[in-house]
Structure formats: C-alpha cells, structure tokens
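Please read it alongside the sequence and the coordinates.

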Amino acid sequence: MPTMNMHTLQNAARLLLACSFLPLAAQEPEQLDKQFGLLSQPAYIKHYEADKTGKVILNPYLQVASKDYPAILDVKMAPYNWVIDATGRVGIIPEAPHPLGRTYEKGFFRPEDQSKRKPGTRENFGHVSALGGAPGRISGEILYDKASNSWTINNKSGRYTKHNTDRTPDQLVNAATLIRGIVDPGSASWGPVFFLLDYAHESVQEVLLKDPKLAYDDTAKKSRPHIIVLPAAPVEPKVEKAAEAAPKVEAAPKPVVEAAPKAEAPKVKKAKKPKAANNDDPS
C-alpha cells in the first residue's frame, strides 16, 4: 500500500474536506434522522488519530459516493468503513495504516473488550477519519468474502453506532440500499447485510434476541449474534454482444456413438455463510 508523508497527507486532507462541501440535494434533517439515525459525536477519538493541533486527520483514500461519482471498491484495499454524514452522504474509507499509528510487533491485550491482539497489529484509520471527527449517523463496515466473491455490509462502528439509542435494523437497511446504489463493487457482487446485536442499544437487543432469524457466526459459542436484514443482491449477468448472423449451413448427419458409462457427479461442497464481522474490535 503506498505511503504518504505528513505534508502530502495534510494537502490531500484539505482537498478532500473542501470537496465534501460540494452542493448536494438538500434533505430535511428530520427525514435524515428517521432514515439514518440522529447525528452523534464520535464516542471516542484514539490518541494517534489527531495531529498536534487536535485536528482529526482525514483518510487520504476517502471517497464520498454519489450516483454521478460512485465510490469504487478494491478487493486489495479491503476491509472498508462506511459512514453516513450530517447531510446523508456516504463516506467510504479503507482501514489503511495511520501515519501516526504504531505497529505492535509482539501484539497487546485490549482491556476494553478483553481480547488479545496478534503480533504485528497496526493502528489504522477509523470511522472518524471519514468525517474529520465531525458528528455522524449510522455507520459500519464493508467486508470482502473471498469464498462467495461478494461484499457484505454490517453496522459495526464503535464510534457512531454502538451505544446510540436509536440505531435500528431499518436504518441499516436504508443505508445499505443507498450504498448498493452508489458504490461500485467491481468484479464482486453484493452479499447479505448483517445487523450486529452487539452494536445495538439494549432495548433493540432485547427484541432481536427473540427473533426467529437470529443467527451467530459460531453457534456453539454464540459469538456475534446478528440478523440478516437484507439478502444478497442478485448477480447481474454479463451481456455479450450478439454474433453477426451467418448464412445457414445444413448440418452433417451425426455419427452414431455408443454411450459411455455414466460417471458419478463430483460432490459439491456447500458454500459457507459469510461472517457478520471479521473481529470484535469496536474500531
């Protein structure tokens, strides 16, 4: 992945921030609150995400998606974070290494979620780097599933989704539908959309825990409880150009060939359901 010095990074951040204020079709705040949740300050900002003046550094790979200028997903840059901003726009960012972040060669222990981080864990750009630390609405991740060659969407954001009382499955459906319409998945397709209960308010969790559609990434351990709120999108067939009409030629009579003994059909492995999330890091 390309590296940038601080001067180049700051110039790119200023340009991206200026572009983020380009005119957009106005929507009533009340309508946006209902569609994507109330505006919320990020729950926290990590020490390395701001410069010495206290300004949150924008992700240099930030894409603000629209129908005219769709964001483009690249498998090599996965995973991605997505954020809905104050005006209903979608910011898309890859979890790229942060220039002020550290790499933990021996790994470390995270007291906030009682997890052990693997050796080589690095500090990356998070959701706040899509908005420069500004308030946001429902947010989450876009993950690539190699087995199905598809992109899945979830509501996993410790900054703008978790701990917020009004984040609902309906808002995730609205956000995912918007994302599917203005983000180009490249050669992959759109997989299912997962609402993670661990990133919902207790009142929402209580209802969804009784839902018959409740599932887990690991049923035995009951890890990452979730509801699939949108199924995978149908794969659009590629349209090939019709061959030019050729003059009809009478086919020669087919020779009689004795049928060979039927071979047993190879067993096809059942495809695994994509995971709702890659890890439990609240990001």
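**Structural briefing**

Glu49 is buried, with a relative accessible area of 2%; buried means under 20% relative accessible area, exposed over 50%, and partly exposed in between, with a 1.4 Å probe and protein chains only. The model is predicted, so local features need pLDDT of at least 70 and side-chain atom pairs count only at pLDDT 80 or more, whereas totals for chains, interfaces and linings use all residues. Residues are numbered from 1 along each chain as its sequence is written, and side-chain values use heavy atoms, with hydrogens and water left out.

**Salt bridges**

- A search of the whole structure gives seven salt bridges, each defined as a side-chain nitrogen of Lys or Arg within 4 Å of a carboxyl oxygen of Asp or Glu.
- One of these salt bridges joins the side chains of Arg159 and Glu49, with an N to O distance of 2.9 Å.
- Arg159 belongs to the loop between strand 10 (150-154) and helix 3 (169-182), and Glu49 to the loop between helix 2 (29-36) and strand 1 (63-65), so this pair ties together parts that are 110 residues apart in sequence. Helices (H or I, at least four residues) and strands (E, at least two) are DSSP runs, numbered from the N terminus.
- Arg159 also counts as buried, at 1% relative accessibility.
- Asp85 and Arg89 form a salt bridge through their side chains at 2.8 Å, N to O, and both Asp85 and Arg89 are buried.
- In the salt bridge between Glu123 and Arg102, the closest N and O atoms are 3.4 Å apart.
- Glu123 is located in the loop between strand 8 (121-122) and strand 9 (139-145), and Arg102 in the loop between strand 4 (90-94) and strand 5 (103-104), so the pair ties together parts that are 21 residues apart in sequence.
- Glu123 counts as buried at 10% relative accessibility, whereas Arg102 is partly exposed at 42%.

**Aromatic and charge-ring contacts**

- The count comes to three aromatic pairs. Rings of Phe, Tyr and Trp (its six-membered ring) pair if their centres lie within 6.5 Å; planes under 30 degrees apart count as stacked, over 60 as edge-to-face and the rest as tilted.
- The ring centres of Tyr80 and Trp151 are 5.8 Å apart and the planes stand at 70 degrees, so the pair is edge-to-face.
- Because Tyr80 lies in strand 3 (residues 80-84) and Trp151 in strand 10, this pair ties together parts that are 71 residues apart in sequence.
- Tyr80 is buried, with a relative accessible area of 2%, and Trp151 is buried, with a value of 0%.
- For Tyr104 and Phe108, the ring centres are 4.4 Å apart and the planes are at 40 degrees, so the pair is tilted. Phe108 is partly exposed, with a relative accessible area of 28%.
- Tyr80, Tyr144 and Trp151 are linked into a cluster by ring pairs.
- The charged end of Lys162 sits over the ring of Tyr199, 5.1 Å from its centre; this requires NZ of Lys or CZ of Arg within 6 Å of the ring centre and within 35 degrees of the ring normal.

- Seven strands make up an open sheet of mixed pairing, in the order 1-4-3-9-10-12-13; two strands pair if DSSP finds at least two bridges between them.
- Strand 1 and strand 13 (226-230) stand at the edges with a single partner strand each, so one side of each has no neighbour in the sheet.
- Strand 3 and strand 9 are antiparallel partners over four bridges, and Tyr80 stands opposite Ile142 in strand 9.
- Strand 9 and strand 10 run antiparallel and are joined by five bridges, with Glu141 opposite Asn154 in strand 10.
- The hairpin of strand 9 and strand 10 has four residues between the strands, and Asn149 takes a positive phi near 50 degrees there.
- Six of the seven residues of strand 9 are buried, so this strand is largely enclosed by the rest of the structure.
- Strand 12 (residues 189-196) pairs with strand 13 in the antiparallel sense over four bridges; the bridge partner of Val193 in strand 13 is Leu230.

**A buried asparagine**

- Asn59 is found in the loop between helix 2 and strand 1 and is buried, with a relative accessible area of 0%.
- The side chain of Asn59 reaches the backbone nitrogen of Tyr61 at 2.8 Å.

Terms used. Polar contact = N/O pair within 3.5 Å; in protein donor to acceptor, adjacent residues only side chain to side chain.
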